[in-house]
Amino acid sequence: MPTMRVRFSSLFWSLLRIACFTVALCFGRGLAVQTKPPQTPEQTEARDALNQGVQAYKNGQYDEAARLFEHAKQLDPQLVNARLYLATAYASQYIPGAPSEENRQRGERGIAEYKALLEMDPQNLGAIDGLGSLLFQLAATMPSGLDGFQASKMYHLQHIEIKPDDPEPYYWVGVIDWTIAYRANGGLRQAYNSGHSRGLAPAAPLPADLRDEYQRNYEPTIDEGIENLKHAITLRPDYDDALAYLNLLYRQKADTVANTSERKQFLKTADELVDRVKEIKQQRAQAQPQQP
């Protein structure tokens, strides 16, 4: 029976790429945000520093980019892009799980800058998405990161309120819900295996008492994730990442039911989603132009 497993390390790399993409996206949006020409020498210098910071960021000079964005912010506190790029520069440098104090401070600075920007511009999607991504990364490195996951989800739900036709926030709600349910399932299995000589195999059904506990506490989270991923796929039918996580959530759903045939049906649905992901990836590969 085919499966599709996702490790947290791959999630982290995906999130870091999302952070970089957010910066690039915001650069484009910035052309629309900054419509008024600078009125003072400080504003002119701030925009020069902002442009220099953008170039430094593109060149991989993240510390220098952060310094220049900070300088632009100090010169013109109302320069939205300077604040957004500064926050994203910190977020992009944050390495999930790295124990250094410097790394921790980068994550905290990113969060602080995003939140400060939202005080100025409560509907800034760059800041909303950046916070959702960074809070998820921070939570995923903690043994008990439930509060962080819920905080991350809150920002993705806020994105949905502002722009309900965007599939990305629905996808991230599904990812977060799977992460919460998957961790809980793993914790139940680990506790059971520590007290029994014959442990549970990873794909084995939960014993009745654990299944009832899991169903009672986490089925609403699983159902929420499934519905959000389905909506993301409705908005983007070839959304292979959403299909992959929908597969994973149906495998968690299978652990909430007592009926054997119902469990098999959820697993069958999950397997069909794996096949759909493979089909989409194959179609994309075939559509790419052949290299000479």
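**Salt bridges**

I searched the whole structure, a predicted model, for salt bridges (a side-chain nitrogen of Lys or Arg within 4 Å of a carboxyl oxygen of Asp or Glu) and found 22. I noted that residues are numbered from 1 along each chain as its sequence is written, and that side-chain values use heavy atoms, with hydrogens and water left out. For this predicted model, local features need pLDDT of at least 70 and side-chain atom pairs count only at pLDDT 80 or more, while totals for chains, interfaces and linings use all residues.

I looked up R189 and D255, whose side chains meet in a salt bridge at 2.8 Å, N to O. R189 lies in helix α8 and D255 in the loop between α10 and α11 (260–287), so this pair ties together parts that are 66 residues apart in sequence; helices here are DSSP runs of H or I with at least four residues, strands are runs of E with at least two, and both are numbered from the N terminus. Both R189 and D255 are buried, taking buried as under 20% relative accessible area, exposed as over 50% and partly exposed as in between (1.4 Å probe, protein chains only).

I then turned to D240, which is buried with a relative accessible area of 8%. Which residues does D240 pair with? The side chain of K281 meets that of D240 in a salt bridge (3.0 Å, N to O), and D240 also forms a salt bridge with R284, where the closest N and O atoms are 3.0 Å apart. D240 lies in helix α10 and R284 in helix α11, so that pair ties together parts that are 44 residues apart in sequence. K281 is partly exposed, with a relative accessible area of 44%, and R284 counts as partly exposed at 34% relative accessibility. I recorded D238, D240, K281 and R284 as linked in a network of salt bridges.

**Aromatic pairs**

I next counted ring pairs, with rings of Phe, Tyr and Trp (its six-membered ring) pairing if their centres lie within 6.5 Å, and with planes under 30 degrees apart counted as stacked, over 60 as edge-to-face and the rest as tilted. By this rule the count comes to 11 aromatic pairs. F136 sits in helix α6 (residues 125–140) and F149 in helix α7 (residues 146–162), 13 residues apart, and both F136 and F149 are buried.

For W178 and Y245 the ring centres are 5.5 Å apart and the planes are at 70°, so the pair is edge-to-face. W178 lies in helix α8 (residues 167–194) and Y245 in helix α10 (residues 240–254), so the pair ties together parts that are 67 residues apart in sequence. I noted W178 and Y245 as buried. One aromatic cluster is formed by F136, F149, Y171, W172, W178, Y182, Y239 and Y245.

**D177 and the whole chain**

I checked D177 in helix α8, which counts as buried at 0% relative accessibility. Leaving aside neighbours within four places in sequence, D177 is in contact (heavy atoms within 4.5 Å) with K153, T221, E224, G225 and L249.

Residues 24 or more positions apart account for 64% of the contacts in the protein chain with a separation of 6 or more.
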